[in-house]
Amino acid sequence: MKLRKQVTVCGGAIFCVAVFSLYLMLDRVQHDPARRQNGGNFPRSQISVLQNRIEQLEQLLEENHQIISHIKDSVMELTDTGAVSPSGHLPFRSANGSWVLPFDGRPSFVAVKSQDCQMLDVYSLLKFDNLDGGVWKQGFDITYEPEEWDKEPLQVFVVPHSHNDPGWIKTFDKYFLEQTQHILNNMVLKLGEDPRRRFIWSEISYFSKWWEGADKQKREVTRKLVKSGQLEIVTGGWVMTDEANAHYFAMLDQLIEGHQWLETNLGVKPQSGWAIDPFGHSATMAYLLKKANLTSMLIQRVHYSIKKHFASTRSLEFMWRQSWDKSSDSDIFCHMMPFYSYDVPHTCGPDPKVCCQFDFKRLPGGRVNCPWKVPPKAVVEANVEERANLLLDQYRKKSKLFRSKVLLVPLGDDFRYDMALEWDQQFSNYQRLFDYMNAHPQMHVKAQFGTLSEYFSAVYKAGGVAQGARPADFPVLSGDFFAYADREDHYWTGYFTSRPFYKSLDRVLESHLRGAEILYSLALGHARHAAMEGRYPVADYALLVDARRTVALFQALHGLQLCCAVLTSGHSERFAILPHIHPFMHTFTHRRRCQPRKATGDDRRATQDSLPQKTLIELDSTGPRYLVLYNPVEQERLCAVSVLVNTAHVRVLTEDGQTLPVQVSAQWASPIQMSSEVFKATFMARLPALGLAVFHLYNMADSPMTLRSDTLLRLPGAGVSARAVDPLPVRSQQADPQPFFITTQSLTLGFSGTTGLLEEVKVQMHFLVYGTRPSKDKSGAYLFLPDGTAKPYVQKEPPVVRVEEGPLFSEVVSHFQHFQQTVRIHNVPGADGLSVELSTAVDIRDQTNKELAMRLVTDIQSGDVFHTDLNGFQMQARRQFLKLPLQANFYPMPSQALIQDSQHRLSLHSAQALGVASLESGQLEVILDRRLMQDDNRGLGQGLKDNKKTVNRFRLLLERRDTGNMTDSGAPAFPSLLGHLTGAVLNHEVLALPVLPKKRGVPQLQTFCPLREPLPCDFHLVNLRSVVSQVGLPSPALCLLYLLRKHTLQLPFFGPLFNSSAPIALAHASPHGRPSSLPPPHPLRTAVVQRRVLTWEGEPHVGAPDKHNPSREITSEASLFSETFFETFF
């Protein structure tokens, strides 16, 4: 179809040219004065013939007008469907089948509307055929004419850099001791030798550690290098964060931590983003950088076919716009590196064999050489002309892929410049090349060392626009860059799930860190307000800062994905940060009235790689035990809370003495064996928003409010039996194929009588197994290379199924050999009771090259479209493409995936990042764990053989949709308000803190409600963060970050549909009286009187009056929190 339209366009154009040429020729013959003078006796018969021909031509022109209209419509159709029509010669295939891009002197990307390019449309357009492109294997041959730069010389910026992973093959500390500190020490020395030299640095985690050990002279020299522009800090995050699995809370927190450190110590604010190693790129990161006041950014790891397409249309530089943005407010200028890697052989131009010759670390005699067998040559007077022309040829060819005549050439690799010799080799040889090029005007090039921002500034200047503005004719793009493939069918979709234990732990750490931040800020504020600041342990603030930075290290692009390589190397203490976080919970809980008491977290981990175990609360007849519950969400919460106690006779009272209903159930030592010493007590608690509530637990005779679970064991054979523990009854029966049900007031679920898995009422659950292909290339830590479609999980014996029902919750637990599946529903009003809680405990340590998956099957007519979240911040439309291999259709699911049709929506909320796909209409499939015995040749040097027993937690929400106003399948799908609340409930669980008093007696504790009233349901408090001062202690400023989910979607949702007889509408009135049941994820905003960015600037008093406007308060840039707001809500 596309070829036919292009032929139509070209044919029509040729026809028009021919017709107009003939018409003009005849017109000239008829009206030429010379001809009239010489041909006064022109025969009338010939004139008549000419007139007839002219009339025929006019008729043909009228017919041609219709053809032109058809051509115009075809062109518009091409542009509307995402196809690009270069304004000049089209790329064509050479004899060897590779693409050739002729030069036409004009941009070849047609800008047609506000968003020129949707990534989903690009995927639909491309063939992903991976043809051999010649020297640029994944691209095409590039040609040019030497005179193209005669009027405007090529401007080249060579940007030296060194990428330092905060932990990968080695630990963070070992990398620093062996390499990073030497890089930075050499940087101070070598940059000072020549003011023309430049260097960029990204990872502040390493930089801050080096700074701590640097003497006063090094620090001063570094500040001068930054001020002079020789050294640029790019991005400025604590790490170069992963963009697939990381949650936006952690991405933002590490960015703030890095920016505050930079402002405090160097007085600098980053201008440009640098992301060369994340395995795919998220639109969320582009948005955060934009809101952090960065004007430009660079990305590298993008699917090679996408790069080829963008290169062929000269669209490697574009404005990256958020999918929800109808304007250009979220636009940020983005540069995509065109070639395979960010190392030197793949950055100077399309031919790595040539570029490698200009990586002077690879000079003969060194430890590194060029795999293309042509070594570099030191640049001397005898060869400088030949070397300069060879390099310039690559520069020119690379520049043909961009729209401006400004070229970026990164010069570096992982942990480069750790030896002084390399600094001399690279800078000296390149400077000789630059001097020669710049001294010969006939070469029409100006080459120099530069920083990333110097390059972007030159691009803006060449385009005649301000910093961060869109140059004319540059395209606008929306979407993301997942999944990433670096060659062939090698898709990096395995790491979306790899080591799920640590992905789950990371999310727990983030939630606890956020809770500690909020409680610490509230406690400090109350202490200051009560003039008790001197009695509050502000010295403990260093622990909180350390916890922030350790969680930030978890987000490093290798840390979050494969952090076990670090943990198993003897540095687990870096990630065992819960002991740093919990003291703040306890301190605030028990020092709010300055009454020190000992408390412990309810979930305790013996080691950093073990599952949490609940604390046993030992009750006796001498008095109560006290339990403090912390609600980390901004709304009042009514939920079921479970604790372990040592008796089945338990009574729970509120602070004012009200007895609460308690459901007592067994704690199971094995699938069929109850514990006789430990019991589970579940009660319904009403908790204030962001507040603390105190409950009293007694060991005393049962009351009418003490209720016991009814337990039924469905056993696979007659020879298996279960023994009850007084006073908890248990029934058993032999399993049969008949389905069974559990129910609450809102939900009814049906289960398979054989497997105990969810089977009836809208959703069916299956477990499957993937193997790896038998060829040389196999699945590993990064790559997912399956041996075909998944096969059903089977085991010889049917599972033991436990059915437990009660007034507060009911659950079904199925015990399989390699996993234990728990499905629980809560009989509680509100968000907790409207979704299904899923918990899958996976243990595949006895498997070889297997991956376990959970598949949800529904009758929803979703077709090939589904949606996944980007970093828990926004939703992204996906499409299942049959033209791509199976592994290419998996995407990261940091917190949510959904399918929908005109009637229903099924959302799967996740408490950990995993890989997800929708391989058939009405299905969602999640990879739960992976055990792989070999390396996948991507540098890690190990397989995935260190699996842990892992618990993956989910919430399943089925909602009814209104068919009144459907949106395009490619448009972003915004979660309903109930969906947002479900995700918050899952990812921010109630934190229980049992109090361990030294002596009996009622402690001086009481319920604490920090908010005057709960915040609106479309308002999420991202963090309430204390700001570090110059001396390392908390300053008077606080940083409040919140997410306001505006309601722009016009498709109302009405409650869950597991039980279709229970229609529930959930909405609330916003402060302006408008219903806000459908808030889409909206850009992050800051609660300030004067809008500010994320970096820290000085230390003014919060709420200080503006002298120019006394009625308005001003705050520092990090103090995103005003006293007016504080008094309103707190």
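How many cavities of 30 Å³ or more does the structure hold? The structure, a predicted model in which local features need pLDDT of at least 70, side-chain atom pairs count only at pLDDT 80 or more, and totals for chains, interfaces and linings use all residues, holds 14 such cavities. Residues are numbered from 1 along each chain as its sequence is written, and side-chain values use heavy atoms, with hydrogens and water left out.

The protein chain contains 21 helices and 55 strands, where helices (H or I, at least four residues) and strands (E, at least two) are DSSP runs numbered from the N terminus. Of its 1130 residues, 60% count as buried, a term that means under 20% relative accessible area, with exposed meaning over 50% and partly exposed in between (1.4 Å probe, protein chains only). Where contact means heavy atoms within 4.5 Å, 75% of the contacts between residues at least 6 apart in sequence join residues at least 24 apart.

In soluble globular proteins, nonpolar side chains tend to be buried together. A nonpolar core is here a set of buried Ala, Val, Leu, Ile, Met, Phe, Trp, Tyr and Cys residues joined through side-chain atoms within 4.5 Å. The largest such core has 196 residues, and those with the most contacts inside it are F207, F310, W320, Y395, Y430 and F481. Helix 15, which spans residues 500–529, gives the most to this core, with 10 residues. Another core lies apart from it and has 32 residues, among them V645, A666, M674 and V730.

On a 1 Å grid over the protein atoms alone, a cavity is a set of points where a 1.4 Å probe fits but cannot get out, and lining residues have an atom within 4 Å of a point; grid points are joined across faces, edges and corners, and a volume is the space filled by probe spheres set on the points.

Among the strands, which pair if DSSP finds at least two bridges between them, an open sheet is formed by 6 strands in the order 35-34-40-47-46-43, with antiparallel pairing. Its edge strands are strand 35 and strand 43 (891–893), each of which pairs on one side only. Within this sheet, strand 34 (residues 763–770) and strand 40 (residues 850–858) are antiparallel and share 8 bridges, with V763 opposite T858 of strand 40. Strand 34 is also joined to strand 35 by 2 bridges, again antiparallel, and L768 has P792 of strand 35 as its bridge partner. Strand 46 (residues 914–917) and strand 47 (residues 923–931) likewise pair in the antiparallel sense, over 2 bridges, and A917 stands opposite E925 of strand 47.

The loop between strand 35 (791–792) and strand 36 (800–805) holds Y793, which counts as buried because its relative accessibility is 14%. Beyond residues up to four places away in sequence, Y793 touches F767, L768, V769, F816, Q817, H818, F819 and L852. Y793 and Y770 are 23 residues apart in sequence, and their C-alpha atoms are 9.4 Å apart in space.

Strand 39 (residues 836–842) is mostly covered, with 6 of its 7 residues buried. Strand 39 pairs in the antiparallel sense with strand 38 (residues 819–826) over 6 bridges, where T822 stands opposite S839, and with strand 48 (residues 950–961) over 7 bridges, also antiparallel, where L838 stands opposite F954.

Elsewhere in the chain, F415 is placed in the loop between strand 12 (406–414) and helix 13 (420–439), and F415 counts as buried because its relative accessible area is 6%. Leaving aside neighbours within four places in sequence, F415 is in contact with S162, H163, N164, D165, Y175, Q179, T180, I183 and Y206. Although F415 and D165 are 250 residues apart along the chain, their C-alpha atoms are separated by 8.1 Å.

Methods
1 Å grid on protein atoms, 1.4 Å probe; cavity = no way out; pocket = protein on both sides within 12 Å on 5 of 7 lines; lining within 4 Å.
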